[in-house]
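Biologist: I'm new to reading structures. Could you walk me through this one, a feature at a time?

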Amino acid sequence: MDELETKKRRVETEELNKEKKCKTERSSDKQKISDKGENSKTDVDCAISKNGAKSLSWRELRAENLVCDYCMLFNKSQADDIFEECEKLLTYNDGKLAQIKLYGKWINIPRKQVLKGSIYQIKYYTSVPARPWTPFLENIRDIISDATGFDFNFVLINRYKDGHDYIGEHRDDEKDLVSGHPIASLSLGQPRDFIFKHASARGKNATCKIDPVKLELEHGSLLVMKHPTNIYWYHSLPQRKKLTQVRINMTFRKMVVK
Ligand SMILES: O=C(O)CCC(=O)C(=O)O
């Protein structure tokens with residue numbers, strides 16, 4: 001087993017142990033259970049029955065070739081619980097796995113990141129391997145499938161420690177994505193601005209004028225980016241240096257199974 005493989009295995013075991021430990025702590029603390037509504041699995045399950053896909057109020061975002069739907073998937077207390085669980089349970093890539101090569105130089109990505117997928121050997125654009133699903137994330141994935149009517153086999157999780165962390169303009173156009181399948185983006189924690197820019201209207205080489213589409217991604221919200229948005233529009237989460245709180249984002253995707 002090479003060094004990377006050994007490290008991966010160690011991180012996975014640590015994550016599953018953390019999840020087990022949290023559940024054990026909760027089940028030995030009856031007061032906490034009755035206050036908080038049992039373990040994380042049940043908390044998330046409650047969100048399904050309370051929110052049920054039918055009762056969600058979707059807002060349609062439309063522009064030229066931009067097709068997105070937005071809703072509040074979780075109320076504040078549900079989103080607080082899920083955020084807290086994420087902070088307890090998730091570990092993020094570090095070292096070389098937290099870097100990208102840009103113009104021949106390795107640099108740290110300006111946020112923390114981890115990938116989870118059903119297909120263990122999926123390589124994302126940085127060749128970072130996905131870690132296996134954990135029950136906590138499978139629950140969230142299943143709620144999002146119920147809410148959207150689409151299934152997902154992969155999630156990219158980004159953690160922004162404050163408004164200094166960001167993601168630059170890009171399209172989700174990796175070759176491994178199932179073509180035409182929507183991407184569902186769950187936001188937790190600090191609300192942040194999210195900006196779409198049309199590919200033909202960006203920068204100095206713009207060939208036409210199309211206004212950017214901006215929205216604030218709120219705590220507990222779900223943004224569903226549908227085909228062909230990702231072909232025509234770049235998106236980014238720019239720096240907002242005055243913001244001090246953590247934000248976690250999960251983009252649920254469907255990858256090609258080879
Ligand atoms: O954090 C976000 O809302 C955006 C994440 C993103 O753009 C991505 O995962 O491709």
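**Reading helix, core and strands**

Modeller: Let's start with H5, which has 14 residues and reaches 20 Å from its first C-alpha to its last, close to the 20 Å expected at 1.5 Å a residue. The expected span is 1.5 Å times one less than the number of residues. Helices (H or I, at least four residues) and strands (E, at least two) are DSSP runs, numbered from the N terminus. Keep in mind that this is a predicted model: local features need pLDDT of at least 70, side-chain atom pairs count only at pLDDT 80 or more, and totals for chains, interfaces and linings use all residues. Residues are numbered from 1 along each chain as its sequence is written.

Biologist: Which residues of H5 are buried?

Modeller: First, the general idea: an α-helix has 3.6 residues a turn, so residues three or four places apart point the same way. A residue is buried if 20 or more other C-beta atoms, placed from the backbone, lie within 10 Å of its own. In H5 the buried ones include Phe136, Ile140, Ile143, Ile144 and Ala147. After H5 comes Gly149, with a positive phi near 80°.

Biologist: And what is the largest nonpolar core made of?

Modeller: A nonpolar core is a set of buried Ala, Val, Leu, Ile, Met, Phe, Trp, Tyr and Cys residues joined through C-beta atoms within 7 Å. Here the largest has 37 residues, and Ile144, Val155, Ala184, Leu186 and Leu222 have the most contacts inside it. Among the elements giving two or more residues are strand S2 (66-72), H5 and strand S11 (221-226). H5 gives the most, six residues.

Biologist: What is Leu186 in contact with?

Modeller: Contact means C-beta atoms, placed from the backbone, within 7 Å. Leaving aside neighbours within four places in sequence, Leu186 touches Leu73, Ile140, Ile144, Leu222, Asn249 and Met250.

Biologist: How many bridges join strand S1 to S2?

Modeller: Strands pair if DSSP finds at least two bridges between them. S1 (residues 59-63) and S2 run antiparallel, joined by five bridges. Ala63 has Leu66 as its bridge partner, and Leu61 has Cys68. The hairpin has two residues between its strands, and Asn65 takes a positive phi near 60°. S2 also pairs with S11, antiparallel over six bridges, with Tyr70 partnered by Leu223.

Biologist: Why does S1 lie largely in the open?

Modeller: Count its buried residues: of the five in S1, the number is zero, so S1 lies largely in the open.

Definitions and conventions. A residue is buried if 20 or more other C-beta atoms lie within 10 Å of its own, exposed if 12 or fewer, and partly exposed in between; C-beta atoms are placed from the backbone. Two residues are in contact if their C-beta atoms, placed from the backbone, lie within 7 Å.
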